[in-house]
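Open the model in your viewer and keep the selection tool ready. This tour tells you what to select next and what is there.

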Amino acid sequence: MTRPTVARVDLRALQSNYRRIAEFLSREPRAAGAPAPRPIAVVKANAYGHGASQVARALEDAGADLLACADIEEGAQLRAAGVRAEILVFGALSVSSLDGLFDGRLTPTISTPGAARAVQTAAAKHRQQVAYHLKIDTGMNRLGFRFDNLRRTLPELLASPNLRLDAVYTHFATADDPASEWFERQRTRFITALAEIEALGATPRYRHAANSAAILRDSRVWFDRVRPGLLLYGIVPPPLASTIELTPVISLISRVVAVKGMRPGEVSSYGARFTAERPTTIAIVPAGYADGLDLRLAGRGAVLIRGRRAPTVGSVCMDMLIADVTGLDASPGDEVVIIGAQGEDRIDVREMASAIGSIPWEIVCRIGSRIERLYDAPVTQ
Ligand SMILES: *Cc1c(COP(=O)(O)O)cnc(C)c1O
């Protein structure tokens with residue numbers, strides 16, 4: 001059984017995006033002998049709503065050797081799906097049960113002294129050496145060791161007998177905002193921090209800093225690895241532009257379940273917020289806020305029906321939305337594209353986000369669990 005509203009996930013597009021990003025990274029000249037930076041494929045939050053198991057395996061097939069997720073539970077899910085590549089956990093581990101790190105052979109981020117002690121204790125108990133990525137807070141003031149205090153906070157961590165520093169990273173607060181000076185400030189602080197870490201005797205294999213926006217913006221922050229999320233899914237972080245040839249991976253498709261005529265002066269849906277000003281034909285589409293569609297789409301968004309734009313009118317309901325299809329000759333059963341292409345037109349995630357004052361990341365992450373993901377290309381093993 002499949003509901004009329006489905007998300008189509010184009011795994012070939014995903015694999016192509018991965019390869020195009022890798023190519024883009026290899027175009028920039030590097031110091032002699034230095035390898036091109038390589039992506040860490042970010043598949044947190046159910047791979048941005050696309051389905052973590054399928055996406056991770058497709059990326060692994062496309063050559064990804066390092067994936068990143070938000071927490072130990074996500075990492076365990078990736079292992080259960082058969083992912084063999086290294087998996088980095090971004091999140092703080094201070095209040096988590098850590099056994100899953102060992103069961104899933106996951107690579108932790110250590111971002112606080114408390115987490116450092118907890119992981120050391122757990123590693124000693126499991127009689128294992130744990131390779132970790134050290135996170136430095138260069139100004140975002142979220143997770144990470146403060147950049148200006150490393151000589152005091154790091155020696156204990158670096159001396160932990162069961163922990164081995166594999167990589168050092170930071171995260172930008174404003175990579176998508178060309179007007180903010182924080183990007184440059186964080187960049188220089190990170191370089192200073194790297195020198196201090198080296199002076200403390202540590203020799204990490206990798207340094208990384210760039211999310212999608214930073215990749216597009218400044219090759220000086222590519223270092224050894226980069227961390228694209230949104231770009232992998234074929235979406236360019238607004239307001240930036242990209243020369244990488246990317247293809248959107250997810251589309252959200254439904255079908256008209258009913259068509260009805262309204263007389264002038266009649267209203268539709270909760271709150272009677274839409275009034276027909278002329279003889280109007282509306283189509284009922286079985287997808288609503290329980291499927292992740294934002295209430296603010298009402299009166300602001302559009303869907304594609306019969307190759308044309310049909311504005312969303314009235315209130316978005318839990319399980320339905322309403323589109324004005326006057327003059328489109330729509331019938332029950334017609335395909336409705338909520339995100340994606342139909343005919344010559346396309347509604348992309350960036351457009352939907354800007355129509356409702358949201359961001360593309362939120363739009364894709366919110367596509368509901370009720371919506372079945374249909375994968376267009378089988379993963380080749
Ligand atoms: C989510 C995340 C990314 C990816 O961000 P995009 O903007 O989607 O590319 C990179 N690094 C960290 C630490 C993240 O949490």
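**Before you start**

This is a predicted model, in which local features need pLDDT of at least 70, side-chain atom pairs count only at pLDDT 80 or more, and totals for chains, interfaces and linings use all residues. Residues are numbered from 1 along each chain as its sequence is written, and side-chain values use heavy atoms, with hydrogens and water left out. Helices (H or I, at least four residues) and strands (E, at least two) are DSSP runs, numbered from the N terminus.

**Stop 1: helix α1**

Select residues 11-27. This is helix α1, with 17 residues. From first C-alpha to last it reaches 25 Å, close to the 24 Å expected at 1.5 Å a residue. The expected span is 1.5 Å times one less than the number of residues.

Now go to the start of α1. A side-chain oxygen of D10 comes within 3.1 Å of the backbone nitrogen of R12.

Which residues of α1 are buried? They are L11, A13, L14, Q15, N17, Y18, I21, F24 and L25. Buried means under 20% relative accessible area, exposed over 50%, and partly exposed in between (1.4 Å probe, protein chains only). An α-helix has 3.6 residues a turn, so residues three or four places apart point the same way.

Show the partners next. The buried residues of α1 pack against β1 (6-9), β2 (38-39), α3 (52-61), α9 (212-217), β11 (225-226) and β22 (372-375). Contact means heavy atoms within 4.5 Å.

**Stop 2: helices α7 and α8**

Select 150-158 for α7 and 182-199 for α8. The two helices pack at an angle of about 50 degrees, with their axes 11 Å apart. Axes are lines fitted to C-alpha atoms, for helices over the stretch in contact, and angles run from 0 to 180 degrees between N-to-C directions. α7 and α8 are therefore oblique to each other. Angles under 35 degrees count as roughly parallel, over 145 as roughly antiparallel, 65 to 115 as roughly perpendicular, and the rest as oblique.

Pick out the contact. L150, R151 and L154 of α7 meet A193, E196 and I197 of α8.

Stay on α8. Its buried residues are F183, Q186, R187, F190, A193, L194, E196 and I197. Their cover includes β7 (130-137), α7, β9, β10 (206-208) and α9. Just after α8, select G201, which takes a positive phi of about 95 degrees.

**Stop 3: T170**

Select T170, in the loop between β9 (163-169) and α8. Is T170 buried or exposed? It is buried, at a relative accessible area of 0%. Its side chain reaches the backbone oxygen of I136 at 2.7 Å. The T170 side chain also makes a polar contact with the side chain of T138 (2.8 Å). A polar contact is a pair of N or O atoms within 3.5 Å; within protein, one must be able to donate a hydrogen and the other to accept it, and residues adjacent in sequence count only if both atoms are side-chain atoms.

**Stop 4: D148**

Select D148, in the loop between β8 (145-146) and α7. D148 counts as partly exposed, at 45% relative accessibility. Its side chain makes a polar contact with the side chain of R146 (2.8 Å).

**Stop 5: S268**

Finish in strand β14 (residues 267-268), where S268 lies. S268 is buried, with a relative accessible area of 7%.
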